[in-house]
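Please look through the structure below with its side chains displayed.

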Amino acid sequence: MKKFTRFTNKSALPQKVCPVCQRPFRWRKKWEKNWPEVRYCSERCRRTPQRKSNNFSG
């Protein structure tokens, strides 16, 4: 029987890019059942409207 440890190799976990902040985020245990539907890295990004472009003038 294979023994599971609490710690895993984080680089082996699936990764996505948040459409709001453009930062990569990795799979989390709480997203185990709905990982294909996860789009945002955090509640803050989920609540923030998407940016149309990455043009930062100013």
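C18 counts as buried because its relative accessibility is 0%, where buried means under 20% relative accessible area, exposed means over 50% and partly exposed lies in between, with a 1.4 Å probe and protein chains only. C18 takes part in no disulfide, and the nearest cysteine sulfur, which belongs to C21, is 3.7 Å away; a disulfide is here a pair of cysteine sulfur atoms within 2.5 Å. C41 is likewise in no disulfide, its nearest cysteine sulfur being that of C45 at 3.6 Å, and C41 is buried with a relative accessible area of 16%. Over the whole structure, the search finds 0 disulfides.

This is a predicted model, in which local features need pLDDT of at least 70 and side-chain atom pairs count only at pLDDT 80 or more, while totals for chains, interfaces and linings use all residues. Residues are numbered from 1 along each chain as its sequence is written, and side-chain values use heavy atoms, with hydrogens and water left out.

Turning to the rings, a search of the whole structure finds 3 aromatic pairs. F25 and W31 form an edge-to-face pair, with 5.6 Å from centre to centre and 75° between the planes; rings of Phe, Tyr and Trp (its six-membered ring) pair if their centres lie within 6.5 Å, and planes under 30 degrees apart count as stacked, over 60 as edge-to-face and the rest as tilted.
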